[in-house]
Structures are given as structure tokens and as C-alpha cells.
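Please look over the sequence and the model shown below before reading on.

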Amino acid sequence: MRVVLCDDHPVFLDGITAALSATDDIDVVATAATGEEGIRLATELRPDLVVMDLGLPDMSGLDAIRRLPGVPVLVLSMSEDDPTVLAALKAGARGYLVKLAGRSEILYAVRTVAMGGAVFSGSVADRLTAFLTRPAGPAAPCAFPELTDREREILDLLDLLDLLARGHNNQRIARSLFLAEKTVRNHISHIFTKLSVRDRAEAVARARNAGLGEDPGRKQTQQ
């Protein structure tokens, strides 16, 4: 099976290339250090699998996954928080491993995802199970119809206002969502304009009214 690797960490990229190339049934046909290069190589070479990092220097790995030409994707990332894993799956990834996974686990995942299956590392699978089986909160009405599909995706899938409501600054939001800080500022500015709010405090209030975020005062009272 033919594999393209996309990761901007040279040592990790060399290591995973060597591990996969040492097998009889896996051929690393190309490596990329940026999202654009990975998309180009996947489009030209049509591999059986793309192994993708999420923290790329030129774009979010999530955006790169969305732009891949129908190629199965296995994510190898240092992050395993719930929003990131869910965003990767909704972007189209079929597998998700943390970079601390062992060689045998990575080889199994590569073969399984390339053949059409789905694979998650143990810690990710546990978190997904806990997330999907936890009691649901009150159903919220369809919020903010004036936003574009992309802006609603930011709200619904990537929990931007949820992060705002928890007091995260732009830099931390960008790191959590694997986006550039400038991109986060632009999204926030557009959302503020369309929701007719003047500042972060009003956005937080709207977010909480829509069922996002958590009221810090109430949390302290409960504790």
C-alpha cells in the first residue's frame, strides 16, 4: 500500500518513514512538511493513505484533510483533547493516534485505515466513548442563523465561543484549534459583527444563552 506522510517535524518524519518502509507491504511514496505540499502530493500520487499531523506551519491539518482528494487519512498528533479528535473525524479522518503510539500500533493503524477501517489509540477511544455516552444537556435551539456555514462550523464543531466563554485568549484558542492566531481574530471579528455584539463579554453572554460554555460563578458555587 502506498502512503504519503505529512508532518513538519523532521526527526519524527524520518522515524515514521523508516518504520513504514521497513515492512514488505507498505511503500512511503512521498513526504511533505506543509499542508499545501501534502495536498499536492496526494492529488498527484493518489496514495492508499495519507498520514497527517494537525499542527502544520502553513495551515491547520484539519483544513488540509478537508481538501484531500478522497484519500483515507490517519491522524498522528500530540493532541488528544475531545474537540480536536471530534473535529478531525468530522473533517474526514478515519483514524486517530497519538504520536506516543508504538511501532506495532502505528503499522496496524496504517494497514487498517488504508483498507477502509477505522482505528483509534486506546486513550482516544476511551475519551470518545466517554464523550459520546455522557448524559446530554438540554437541547438548544438552532443558534445564530445569520452566520455563514463556516462560521457556524466554528461555533458548532470547534467550540470557539465555548473556549471564549471559558476565558481562553486568542493564542490559546488558536493552539487548541490548530489555527493561526490571525485566523482566530478574523473569525471572532466576523462573529461579533454578525451577532451585533461589541466585545468579548457580550459574545460570552450570547454563547451562554445559546448553551455554550460554563458560568464560572456557578461552577465556583457548586464547588
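The model is a predicted one.

**Asp53**
- An unreviewed UniProt entry carries the annotation "modified residue: 4-aspartylphosphate", which covers Asp53.
- Asp53 has a relative accessible area of 4% and counts as buried, because the term applies to anything under 20%.
- Apart from neighbours within four places in sequence, Asp53 is in contact with Cys6, Asp7, Asp8, His9, Gly61, Leu76, Ser77 and Lys99.

**Lys99**
- The loop between β5 (95-98) and α5 (103-114) contains Lys99.
- Lys99 is likewise buried, with a relative accessible area of 12%.
- A polar contact of 3.3 Å links the side chain of Lys99 to the side chain of Asp53.
- The charged end of Lys99 also sits over the ring of Phe12, at 4.5 Å from the ring centre.
- Beyond neighbours within four places in sequence, the contacts of Lys99 are Asp7, His9, Phe12, Asp53, Leu76, Ser77 and Met78.
- As for pairs between aromatic rings, the structure holds 0 of them.

**Helix α2**
- Helix α2 spans residues 35-45, and its buried residues are Gly35, Gly38, Ile39, Leu41 and Ala42.
- At the N-terminal end, Thr34 caps α2, with a side-chain oxygen 3.1 Å from the backbone nitrogen of Glu37.
- Just after α2 comes Arg46, which has a positive phi of about 45°.

**Leu179**
- Leu179 is placed in the loop between α9 (170-177) and α10 (181-194).
- With a relative accessible area of 14%, Leu179 is buried.
- Leaving out residues up to four places away in sequence, Leu179 touches Ser60, Asp63, Ala174 and Val184.
- Leu179 and Asp63 are 116 residues apart along the chain, and 9.3 Å separates their C-alpha atoms.

How values were computed
Residues are numbered from 1 along each chain as its sequence is written. This is a predicted model: local features need pLDDT of at least 70, side-chain atom pairs count only at pLDDT 80 or more; totals for chains, interfaces and linings use all residues. Side-chain values use heavy atoms; hydrogens and water are left out. UniProt positions are given in the numbering used here, feature names are shortened, and annotations may be inferred rather than shown by experiment. Buried means under 20% relative accessible area, exposed over 50%, partly exposed in between (1.4 Å probe, protein chains only). Contact means heavy atoms within 4.5 Å. Helices (H or I, at least four residues) and strands (E, at least two) are DSSP runs, numbered from the N terminus. A polar contact is a pair of N or O atoms within 3.5 Å; within protein, one must be able to donate a hydrogen and the other to accept it, and residues adjacent in sequence count only if both atoms are side-chain atoms. Rings of Phe, Tyr and Trp (its six-membered ring) pair if their centres lie within 6.5 Å; planes under 30 degrees apart count as stacked, over 60 as edge-to-face and the rest as tilted. A charge sits over a ring if NZ of Lys or CZ of Arg is within 6 Å of the ring centre and within 35 degrees of the ring normal.
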